[in-house]
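Dear colleague,

Please find below the sequence and structure that I am handing over to you. My notes on what was found follow directly after it.

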Amino acid sequence: MSVTADRSSPSEDDDRALASAFVAYAVTATLWLLFATAVGVLLAYKFGAPDFAPGEWLTFGRLRPIHTNATFFGWASLALVGLAYYVAARSSGTRLYSVKLAWIGLVLFNVAAVAGTVALELGYNDGNLEYREWPWPIRLIFLAALVITAWNLIGTVARRGTKDIYLSNWYTIGGVLWTCIIALVAILPWYQYGLGQVSVSGYYMHNAVGMWFTPLALGIFYYALPKLLSRPIYSYALGVFAFWTNLVFYPIIGAHHFLFSPLPWWLQTTAIVFSVAMLVPVWGGSANFLLTMRGRLGDLVHSYPLMFIFVGVIGYLVGSTQGTFEAFRSLQEVWHLTNFTVGHSHLTMYGFVTFAIWGGVYTLLPLATGKVPSQLGLSLHFWMAVVGSFIYVISLSIGGTIQGLDWIHGLPFIQSVVDIQAYWVWRGIGGALMFLSHVVFAWNVWRMSFGPSVKAAPLAPQHADEAAA
Ligand code: HEM
Ligand code: HEM
């Protein structure tokens, strides 16, 4: 198969084919979100009532990796790939390189996620390898879907009519290519033994979030923001600078997950130094988004898609900056292995990545289908998700700190369990609100995919590179 230049403008059939692939990715991703977070709520309640829902199928040990893998590889991955396809075709002013490959990729992603979930339920679990608990043959299926996606995205952008590759595509294609490498390193058997395995685990875990979800979500910001505001991104050069510094600093920080472990001390110190260096792309990128919104924050009141993106940008800025502080040895002494980290995980994967996806879906799906969600659906989703996740993150941040201080003061372990209990109850309340917001999101996705058409889409279909001109 070769990637040949075909600069003809997309026909109506091409647009329809792109829209149905985008809808299929968004709908299946939403089903995964509902499933994974229903499991998340059940897990949250098990902290308060450990004997609730007993039985081998519903044990914490089986359900936890089902939740994390289904949110990562069912929900966030499928939604981001669907968005990346739409952005690649539209920003390049062309049709998708291959609609068929997009559908094959979708089937493979879903087959991997279903097989992985069933395997974990049956107790087949690569237990000590976080976020890669699926047995490795299943991870190969996911890798095949990634390779197909990379090929299809590159093929689409290669057909563009413009000289430059729009910034969003740097981030999305970069993210897919890096993840092919990460997924491969995570499978090669000679990296999975002894201390080397610990090092590779840190590399894999942090790059799964930093070189997969982060660049794809940032790529969506770079397309959706100019579109929503009808103004170019504040600085294209700053976006390129943040892209390269992200690539230089991120891959080396994985060892900050294993501070005080038997890994070489110099490796741990290097990871801390580069965790501080990450402030450069994080603050550079966030400043670029916030300066693009300068003088227009009043628009937030009138646009829920913009509000979702605004929360996503703040989630990126605050969550990543928090991560830098978390990497210092003095603070790791308190927070490592506590629920504070779970708060950080949800501030970033939920407050940043998931809100970025929602902002992208609400901005772009109506453009693809000509169908819109109701104002009530948008506001219910937004406020329940914001309030729920705020309660979730704040309660675990406080509870996790208390837990860590209890351990430092040498109190009996059970005392730390007693001390955090009220915060776990609050996490359960926040989690229930978040889940309800996902039910409303599913209704909104249904309206944007199969609901009644509106006469004019909320935004005039216009390419981001035109907005950037
Ligand atoms: C770029 C700046 C960031 C830094 C320096 C950073 C730092 C850290 C550190 C030090 C930990 C380990 C905590 C511990 O084990 O005690 C951690 C965990 C974690 N981070 Fe970040 N973080 C950053 C950004 C992000 C982003 C953007 C995401 C998501 C997109 C993310 C997702 C996670 C997750 C899921 C964990 C939990 C990993 C586990 O299961 O142990 N982080 N981070
Ligand atoms: C209704 C919403 C959600 C609820 C109630 C929920 C609940 C939970 C619970 C109870 C855990 C286990 C924590 C532990 O072992 O102490 C967990 C872990 C985790 N969840 Fe969620 N979750 C939700 C949504 C999400 C979403 C949407 C994502 C990603 C996009 C996500 C990513 C994660 C990650 C990465 C971890 C591992 C945390 C770590 O080890 O630090 N969650 N979640």
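The iron atom of ligand 2 sits in an octahedral site, with angles of 87 to 180° among its six donor atoms. Please bear in mind that this is a predicted model.

From the protein, His67 and His346 coordinate this iron, each through its NE2 atom, at 2.0 to 2.1 Å. The pair joins distant parts of the chain: histidine 67 belongs to helix 2 (residues 60–91) and histidine 346 to helix 12, and 279 residues separate them.

Are these two histidines buried or exposed? Histidine 67 has a relative accessibility of 14% and therefore counts as buried, since the cut-off for that class is under 20%. Histidine 346 is likewise buried, because its relative accessible area is 18%.

**Surroundings of ligand 2**

There are 27 residues around ligand 2, and those that come nearest are Arg64, His67, Ser345, His346 and Tyr392. In the side chain of arginine 64, an N or O atom lies 2.6 Å from an oxygen atom of the ligand.

Sorted by class, the shell around ligand 2 comprises 14 nonpolar, ten polar and three charged residues.

**Surroundings of ligand 1**

Which residues come nearest to ligand 1? Of the 25 residues around it, they are Glu130, Tyr131, Gln332, His336 and His344. Three of these place polar side-chain atoms beside the ligand. For glutamate 130, such an atom is 2.7 Å from an oxygen atom of ligand 1, and for glutamine 332 the distance to an oxygen atom of ligand 1 is 3.0 Å. Histidine 344 has a side-chain N or O atom 3.0 Å from a nitrogen atom of ligand 1.

Two or more residues of the shell around ligand 1 are given by each of helix 6 (194–229), helix 10 (304–326) and helix 12 (339–369). Helix 12 provides the largest share, namely six residues. By class, the shell around ligand 1 consists of nine nonpolar, 14 polar and two charged residues.

With kind regards

Note on methods:
Residues are numbered from 1 along each chain as its sequence is written. Chains are lettered from A and ligands numbered from 1 in the order in which they are written. This is a predicted model: local features need pLDDT of at least 70, side-chain atom pairs count only at pLDDT 80 or more; totals for chains, interfaces and linings use all residues. Side-chain values use heavy atoms; hydrogens and water are left out. A residue is near a molecule or strand if one of its heavy atoms lies within 4 Å of it. A polar contact is a pair of N or O atoms within 3.5 Å; within protein, one must be able to donate a hydrogen and the other to accept it, and residues adjacent in sequence count only if both atoms are side-chain atoms. Helices (H or I, at least four residues) and strands (E, at least two) are DSSP runs, numbered from the N terminus. Ala, Val, Leu, Ile, Met, Phe, Trp, Tyr, Cys and Pro count as nonpolar, Asp, Glu, Lys and Arg as charged, and the others, Gly among them, as polar. Donors are N, O and S atoms within 2.8 Å of the metal (3.2 Å for Na, K and Ca); water is not among the atoms, so sites may look incomplete. Four donors count as tetrahedral if all angles lie between 85 and 135 degrees; four count as square planar and six as octahedral if opposite donors are over 155 degrees apart and all others between 65 and 115; anything else is irregular. Buried means under 20% relative accessible area, exposed over 50%, partly exposed in between (1.4 Å probe, protein chains only).
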